Amino acid sequence: MAGEGTGSRAGGEGVSVSGRGGQERMSGGHGPGAVPKKRKRRSGGETRPLAPVQATESKRERVLYIGCEGESTEPDYLDYLAKRFGNGERTGQPFRIVPMCRANGYLPEQVVEAVRERAATDETWALFDRDEHTRIPQAVEDAAADGTEICFSHPSFDLWLLLHFQAYGGRQSGKSTDVVDKLRKAAPAFKRFDKRNDKSVQGPRRKALERNAEAAIRHAKGLVSQCEHGACKASQYKADPVDRTSPENPDHLPQSPRKWAARSGHALDCEVLDRDPSTDVWRLLVSLGIEEDDF
């Protein structure tokens with residue numbers, strides 16, 4: 001979804017987002033046990049230090065570096081997830097998301113590279129679309145090499161938004177025209193989505209999505225089980241991220257690209273580019289515990 005205009009974040013900097021509200025620019029990665037340095041915030045002309053994030057002994061804050069191909073829609077959506085659920089009241093564990101994005105967007109392979117360079121030992125995810133990209137297999141291979149989870153959407157992330165309101169099917173060949181048209185008609189809050197560069201996920205759009213998150217996961221899993229390949233089953237998915245730093249990692253990184261791409265429930269020999277339509281974003285919500293996987 002490169003080339004989005006609204007809410008751009010220049011320079012590829014990460015924006016740390018937590019359930020505490022607000023955003024903090026990040027200058028680099030840090031380990032999951034590290035305590036962030038004190039930062040300052042301006043409010044009403046007054047500068048005051050921010051207290052460091054304190055993790056509880058039993059519920060240590062989970063840190064996710066998530067690379068986004070788009071510069072507006074995906075970072076807005078991640079900001080919504082963190083602000084609404086990051087305090088851990090619903091998920092059982094507090095989490096913080098550091099979106100990696102830049103003005104004019106990333107290519108899929110650049111999404112993976114961005115999180116790998118900045119995350120250090122923290123958890124990494126990569127969100128990218130089919131569109132008309134040519135190096136998606138390379139992006140999958142790079143992600144498989146170090147355990148970066150993949151959220152691939154075909155034709156685009158907009159499909160994930162649409163699935164909150166209705167089921168969907170039929171090959172799109174990388175084109176999002178029909179998806180966007182249906183999204184505008186499916187919910188009043190999205191009536192002007194992608195008009196005048198407005199691809200934001202703010203205000204009423206966030207509320208509309210929250211009310212229908214369970215349906216979106218059900219519809220997305222349905223697309224896996226309905227895949228034309230025939231042997232794909234949503235029940236075979238894996239949502240728990242691997243430990244990218246442990247020498248005793250049971251998933252034995254690096255993995256083959258085929259095995260890594262199959263974590264969404266698709267068969268090992270189901271080519272990623274043939275999963276049309278599909279979206280893996282639901283795995284992120286299940287992994288975080290935002291929605292229970294009991295349907």
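Predicted model: local features only at pLDDT ≥ 70, side-chain atom pairs only at ≥ 80, totals over all residues.
Residues are numbered from 1 along each chain as its sequence is written, and side-chain values use heavy atoms, without hydrogens and water.

Most residues other than glycine have a negative phi, and most peptide bonds are trans. Asn 104, although not a glycine, has a positive phi of about 75 degrees, and this residue is exposed, with a relative accessible area of 56% (buried means under 20%, exposed over 50%, partly exposed in between; 1.4 Å probe, protein chains only). Arg 196, in the loop between H5 and H6, likewise is not a glycine and has a positive phi of about 55 degrees; its relative accessible area of 80% makes Arg 196 exposed.

Two cis peptide bonds are described here: one joins Leu 253 and Pro 254, with omega about -5 degrees, and another runs from Asp 276 to Pro 277, with omega near 0 degrees. Pro 254 lies in the loop between helix H7 (213–225) and H8, whereas Pro 277 occupies the loop between helix H8 (257–261) and strand E9 (278–279). Pro 277 is buried at 8% relative accessibility, and its C-alpha lies 7.7 Å from that of Ser 153, despite a separation of 124 residues in sequence.

Note on methods: Helix = DSSP H or I, 4+ residues; strand = E, 2+ residues; numbered from the N terminus.
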